[in-house]
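Let's walk through this model together, one site at a time.

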Amino acid sequence: MTELLAYCRSGYEKDTASELTALTAEQGVYGYPVLSANSGYVSFMLHQAKDLHTLAASIPVAGTVFPRQLVAVTESLTNVDKQDRISPVLSVLREVVAQTGQAGNVVVEHADTDDGKQLAKFCRKFVVPLRQALRGAGILSKKDDNNKPVLHVFFTEFDACKIGYSLPAARSPWPMGICRLKFPADAPSRSTLKLEEAIVSMLSAEEREQVLRAGGRAVDLGACPGGWTYQLVQREMYVEAVDNGLVDDSLMRTGLVGHAAADGFTYQPEYGRVDLLVCDMIEQPDRVAKLMGDWLVKGLADHAIFNLKLPMKKRYETVTQALTLLKQRMAEAKIKFSLQARHLYHDRDEITVTVIRQE
Ligand SMILES: C[S@@+](CC[C@H](N)C(=O)[O-])C[C@H]1O[C@@H](n2cnc3c(N)ncnc32)[C@H](O)[C@@H]1O
């Protein structure tokens, strides 16, 4: 049976399954999710194999919340002979390429879980002879080419794997869909990585230039101790850091930060408006989404990047509700914008949303 395979954070399999069910139904494709708790992936089994390519092309990972990567799986192998894993894998990959055309890369992956990590060393080694064999057979381009399909071999056990492909416009460019970042030693909190990942992985190069201009102004709601403010200061923006707590001294010394010990729900920007509003307050997601909508619709901020803290249950439904209302308000105000919502690698029980004005 063919399946759409989604990698996700361990513990988010149900949310990923709910999202896949909704997204595939939107495409007029039907099937059912198969998942096991804390496995780090979900298989969405398709009733009709012919739908697989449609899904591979029409659901970009960037347009989803919980999947880190999406792979169109054409075949799953079990009880693979440990003495010769290459031959059966190669034979399936030949069939994949017969449908997609020559591939630009091959990746051998595993789930991002403690069990999955047992397979990491093996996966790293296995890809080397596999790549050679694929190049030898003309299935893979001589040099890595990101504009071609990528072949995926996803090991769930040492002798079991799912084999498929992802397409250039739809896949996540990061290995296993994970954007790893180095913690900047002088940043005041690890939270800084959430905003950095959003900037690096959710904004295009043009958007980064437009939204994070040196000399531009930002408001950071729930700023302390200053990890998000740090990212903006690194980009030479002026920041109004709003929080009753203390902002890191070294940030205050830059001369780019003003601290307001105030409530983020009533704060007004010092000069009437800012280019960018960021918000990491721990609050109800619908309350935060409404606040973001107020700022954007009233023109207090052009763009917004914010976190929505997730409840324990019905997380996909909660996110959908909060964001649907926000999108409706923006549309009624005739504001052209692009909105992305992603469960980032550096997020915990929260997601990150970017709303970028398009004109
Ligand atoms: C997760 S921390 C923010 C971490 C910060 N983004 C960083 O990178 O260092 C949440 C912060 O929101 C603040 N906060 C919560 N509710 C708030 C409110 N209504 N107004 C202002 N700040 C609030 C808390 O004081 C806390 O410092």
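Leaving aside neighbours within four places in sequence, lysine 309 is in contact with Lys194, Asp280, Met281, Ile282, Glu283, Pro285, Asp349 and Glu350, where contact means heavy atoms within 4.5 Å. Among these partners, aspartate 280 stands out for its side chain, which makes a polar contact of 2.7 Å with the side chain of lysine 309. A polar contact here is a pair of N or O atoms within 3.5 Å; within protein, one must be able to donate a hydrogen and the other to accept it, and residues adjacent in sequence count only if both atoms are side-chain atoms. Lysine 309 is found in strand β12, residues 301–309. Helices (H or I, at least four residues) and strands (E, at least two) are DSSP runs, numbered from the N terminus. With a relative accessible area of 15%, lysine 309 is buried; buried means under 20% relative accessible area, exposed over 50%, and partly exposed in between, using a 1.4 Å probe and protein chains only. An unreviewed UniProt entry lists Lys309 under "active site", and such annotations may be inferred rather than shown by experiment.

A word on how to read all this: the model is predicted, so local features need pLDDT of at least 70 and side-chain atom pairs count only at pLDDT 80 or more, while totals for chains, interfaces and linings use all residues. Residues are numbered from 1 along each chain as its sequence is written, and side-chain values use heavy atoms, with hydrogens and water left out.

Lysine 314 has a positive phi of about 50 degrees although it is not a glycine, and it is exposed, with a relative accessible area of 60%. Methionine 176 also has a positive phi, of about 55 degrees, but this residue counts as buried at 12% relative accessibility. Methionine 176 sits in the loop between β7 (160–166) and α6. Most residues other than glycine have a negative phi, and most peptide bonds are trans. The bond from cysteine 224 to proline 225 is cis, with omega near 5 degrees.

Which residues lie nearest the centre of the largest pocket? They are Pro173, Trp174, Pro175, Met176 and Gly177, out of 42 lining residues. On a 1 Å grid over the protein atoms alone, a pocket is an open set of points where a 1.4 Å probe fits, with protein on both sides within 12 Å along at least five of seven lines; lining residues have an atom within 4 Å of a point. Elements that each supply at least two lining residues include β5 (105–110) and α6 (192–202).

Histidine 110 belongs to strand β5 and is buried, with a relative accessible area of 9%. Its contacts beyond four places in sequence include Cys123, Phe155 and Met176. A polar atom of the histidine 110 side chain lies 3.1 Å from the backbone oxygen of glycine 116.

Finally, turn to the largest nonpolar core, which has 43 residues; Leu93 and Phe155 are among those with the most contacts inside it. Such a core is a set of buried Ala, Val, Leu, Ile, Met, Phe, Trp, Tyr and Cys residues joined through side-chain atoms within 4.5 Å. A second, separate core of 35 residues includes Tyr267, Cys279, Val319 and Ile335.
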